[in-house]
Amino acid sequence: MTDRLDAVAIGNAIVDVVARVDDPFLAANGVEKGVMTLIDQERALSLYDAMPPAEEISGGSAANTAAGMAAIGCSAGFIGRVKQDQLGQIFSHDIRAIGVEYQGPQAADGPETSRCLVAVSPDGERSMSTFLGASIGLVADDINVDMLGRAKWLYLEGYLFDTPEAKAAYSRAIWATKKAGGKTSITLSDPFCVDRHRDDFRRLIKNEIDLLFANKAELLSLCKASDLEYALDVIAEDAEVAAITLSEQGSVIVRGRDRTWVPAQKVDVMDTTGAGDLFAAGFLSGLAQGADDAQAARMGAIAAGEVISHLGARPEADLKALMA
């Protein structure tokens with residue numbers, strides 16, 4: 001393939017297994033209600049077997065962003081490791097079916113494909129049991145240099161930054177993107193993730209990254225700050241551009257001394273899962289299409305507003321029509 005891609009996202013390749021259950025199911029299977037719990041492979045396999053019929057869709061933070069961009073009408077690719085197993089086949093088929101270019105990597109052995117087992121109880125609470133599995137085994141050799149050579153933007157998921165091997169993979173991806181004239185972006189993913197990697201993130205943002213995505217809590221953690229205005233001043237020194245989401249207060253785009261404030265989309269909030277992923281999808285889509293910061297942030301707000309209006313982290317409405 002030689003077609004230009006608006007963005008290539010790299011992150012955890014996770015299959016979301018979503019089933020409606022009752023409270024006795026949660027109790028019988030030792031699932032803590034309303035929280036996300038990390039589990040091992042043995043637990044993942046036994047809980048998967050116990051779950052009632054479920055919807056199985058490709059997930060993961062960066063994969064959600066790529067899916068959102070495809071829904072908006074942009075060309076997107078995704079790099080994330082799965083195993084050659086049943087859920088690996090589901091992930092590969094599902095993400096390609098929604099228009100995202102995906103070529104793996106697919107491991108022949110090692111841990112099973114990553115999965116998030118989501119038990120939705122009658123009151124709407126989502127109880128998540130997550131097995132990180134194959135996806136966290138990403139290494140530099142897994143990076144598809146040819147795909148990145150076609151990308152206007154690289155989008156990196158902070159969640160995957162925990163191993164030296166993943167950091168090496170990200171360095172290779174940044175090198176390949178910049179060599180071909182593309183730009184780089186990263187999302188910080190989680191305040192606890194920032195706490196673990198603050199110095200590395202700061203160094204990366206200052207030296208290698210063209211666009212930072214973070215929410216307020218992640219930004220405050222990154223800057224060791226308690227005051228938003230102070231943190232915005234700090235990140236203006238480090239980042240070329242920073243897109244900071246502020247929940248119901250919307251977002252602020254920091255570009256040097258310039259700050260662009262954009263309100264949130266007014267919707268009835270059903271489930272905030274995926275809000276940051278879809279904001280990034282809208283913002284990157286806007287930049288790829290030549291929009292200015294305000295227009296791109298507005299696209300991000302529309303995409304995020306759609307995804308929080310229903311259960312699940314993927315858009316259900318026609319994003320192209322909403323953008324129009």
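**A helix and the sheet it crosses**

Tutor: Just after helix α4, G99 adopts a positive phi of about 100 degrees. This is a predicted model, and the account below works back from that glycine into the helix and then to the sheet.

Helix α4 itself comprises residues 86-97, 12 residues in total. From its first C-alpha to its last it reaches 16 Å, close to the 16 Å expected at 1.5 Å a residue. Its buried residues are L87, G88, I90, F91, S92, D94 and I95. In general, an α-helix has 3.6 residues a turn, so residues three or four places apart point the same way. Within the buried set of α4, L87, I90, F91, D94 and I95 may be read with that spacing in mind.

The helix lies across β2, β4 and β9, and runs at about 70 degrees to β4. These strands belong to an open sheet of five, ordered β3-β10-β9-β2-β4, with mixed pairing. At its edges are β3 (36-38) and β4 (55-59), each of which pairs on one side only. Neighbouring strands of the sheet are turned by 20 degrees against each other on average, direction ignored.

Strand β2 (residues 14-20) runs antiparallel to β4, and five bridges join the two.

Technical notes:
Residues are numbered from 1 along each chain as its sequence is written. This is a predicted model: local features need pLDDT of at least 70, side-chain atom pairs count only at pLDDT 80 or more; totals for chains, interfaces and linings use all residues. Side-chain values use heavy atoms; hydrogens and water are left out. Helices (H or I, at least four residues) and strands (E, at least two) are DSSP runs, numbered from the N terminus. The expected span of a helix is 1.5 Å times one less than its number of residues. Buried means under 20% relative accessible area, exposed over 50%, partly exposed in between (1.4 Å probe, protein chains only). Two strands pair if DSSP finds at least two bridges between them. Axes are lines fitted to C-alpha atoms, for helices over the stretch in contact, and angles run from 0 to 180 degrees between N-to-C directions. Contact means heavy atoms within 4.5 Å.
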